[in-house]
Amino acid sequence: MKVIYISIEQRIKSLRKAIRENNLDAAVIFSAQNRRYFANFPGSSGALIITETNSILLTDFRYIDDAKSSSTSHYEVIQHPGGQLEQSVGEQMKKMNLHKIGIENSLPVGSLKKLEKQLPKAHFLLIDSYIMQIRMIKDESEINHIREGIRICDLAFEHITGFLKPGMSEKEIGLELEYVMKKHGAEGIKENHVIASGERSSLPHGQATDRIVEVGDFVKMDFGAKVNGYYTDFTRTVVIGEPTEKQKEIYSIVSKALEESLKQVGPGKKCNELDEVGRSIIRNAGYGEHFGHSLGHSLGLNIHESPAMRSTDNTILKPGMVITVEPGIYLSGWGGVRIEDLVVIRENGIENLTKATKELQIINN
């Protein structure tokens with residue numbers, strides 16, 4: 001297996017290539033995820049200004065030492081007065097005589113207005129698509145963070161199958177999962193993890209409520225551990241007590257869609273064609289209208305990244321991409337099933353990072 005490591009220098013070089021190709025003077029980066037990616041800077045406040053010849057990191061006194069230790073060799077580190085980040089960025093860009101500037105669409109409108117006021121002749125263009133193209137291929141250090149996160153998810157799932165019992169609320173289950181993941185080393189969890197039971201399991205993104213789990217319920221759990229800034233995504237659906245024939249049927253269809261999709265996922269495959277693999281199995285079983293989301297998506301420093309296995313995405317998968325495979329069936333008023341694995345695209349196939357069993361777990365605690 002070819003091992004890839006992408007240095008901060010290489011990442012900056014890729015961004016500079018995008019700056020040149022789009023006739024920009026600079027890219028200005030505010031988001032925490034992109035600051036981490038391009039500067040290895042984890043502080044909660046700061047900005048990067050990257051031009052063809054300069055790379056500058058601005059932050060306040062709280063993070064100045066962190067910035068110097070993590071980015072000294074690649075960035076000129078400048079301390080700005082607290083609460084004046086946009087103003088300091090604007091002043092710096094004015095000094096550098098920058099006019100055509102790439103920004104992220106996550107930049108708040110208020111922050112953009114401040115920059116426009118300082119730089120009335122500047123033109124601001126969105127560069128997220130170029131950045132996501134750069135971030136699509138994960139190196140081995142990134143994959144290792146994701147692999148560790150999924151290891152923690154596997155442990156949490158093993159624990160929760162012995163913890164779950166009738167009479168618990170969805171919120172109790174969610175809190176237990178969060179506790180176990182953090183106990184095993186997660187720095188955080190995927191925001192808004194899904195814990196949906198009974199008829200609520202038909203909600204693809206149903207957040208945990210006070211609903212009490214009962215015998216006969218499906219319990220769908222979609223959660224993730226965050227390690228060194230990198231997200232993971234994990235879903236399993238279990239049943240409380242012996243499953244009905246319909247529950248076994250729905251679970252079996254989703255399981256088949258997952259397994260057949262995993263057989264097809266690999267380098268050189270188009271995302272939209274792979275989406276059709278899993279979707280056709282569910283559609284041919286008579287439940288096509290009950291699978292409304294994509295077959296999967298990439299992740300990394302954001303929980304949803306490009307590419308996605310959906311009908312509108314014709315991206316060709318390449319080694320180093322990381323993608324979820326997560327078919328589901330959701331029957332309003334009855335319940336639903338989703339099963340999800342997380343895989344790395346390799347030269348000769350995939351590496352499935354998710355080790356937890358995909359057999360229907362019957363909870364009789």
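**Surface, fold and local backbone geometry of the chain**

The chain exposes about 16000 Å², of which carbon and sulfur atoms supply 49%. The model is predicted. Buried residues account for 55% of the 365 residues. Charged side chains number 45 positive and 48 negative. The centres of these two sets lie 5 Å apart.

Ten helices and 19 strands make up the secondary structure assigned to the chain. The radius of gyration is 23 Å, close to the 21 Å that the globule rule gives for 365 residues, so the chain is as compact as a globular protein of that length. Along the principal axes, the C-alpha atoms fill a box of roughly 70 × 40 × 40 Å.

No disulfides are found; the count is zero. Cys-153 is buried, with a relative accessible area of 0%. Cys-271 is also buried, at 0% relative accessibility.

Helix α4 spans residues 85-95. Its buried residues are Leu-85, Glu-86, Ser-88, Val-89, Gly-90, Gln-92 and Met-93. An α-helix has 3.6 residues a turn, so residues three or four places apart point the same way. After α4 comes Asn-97, with a positive phi near 60°.

Most residues other than glycine have a negative phi, and most peptide bonds are trans. Asn-23 has a positive phi, near 55°. This residue lies in the loop between α1 (8-21) and β1. Asn-23 counts as exposed because its relative accessibility is 56%, over the 50% cut-off. Asn-40 likewise has a positive phi, near 55°. Its place is in the loop between α2 (32-39) and β2. At 43% relative accessibility, Asn-40 falls between the 20% and 50% cut-offs, so it counts as partly exposed.

A cis peptide bond joins Ser-306 to Pro-307, with omega near 5°. Pro-307 lies in strand β13, which covers residues 305-309.

Definitions and conventions:
Residues numbered from 1 in each chain as written. Predicted model: local features only at pLDDT ≥ 70, side-chain atom pairs only at ≥ 80, totals over all residues. Heavy atoms only, no water. Disulfide = S-S within 2.5 Å. Buried < 20%, exposed > 50% of the residue type's maximum accessible area, 1.4 Å probe, protein only. Helix = DSSP H or I, 4+ residues; strand = E, 2+ residues; numbered from the N terminus. Rg over C-alpha atoms; globule rule 2.2 N^0.38 Å. Areas by Shrake-Rupley, 256 points an atom, 1.4 Å probe, with all protein chains shown as cover. Lys, Arg positive; Asp, Glu negative; His and termini not counted. Charge placed at Lys NZ, Arg CZ, Asp CG, Glu CD.
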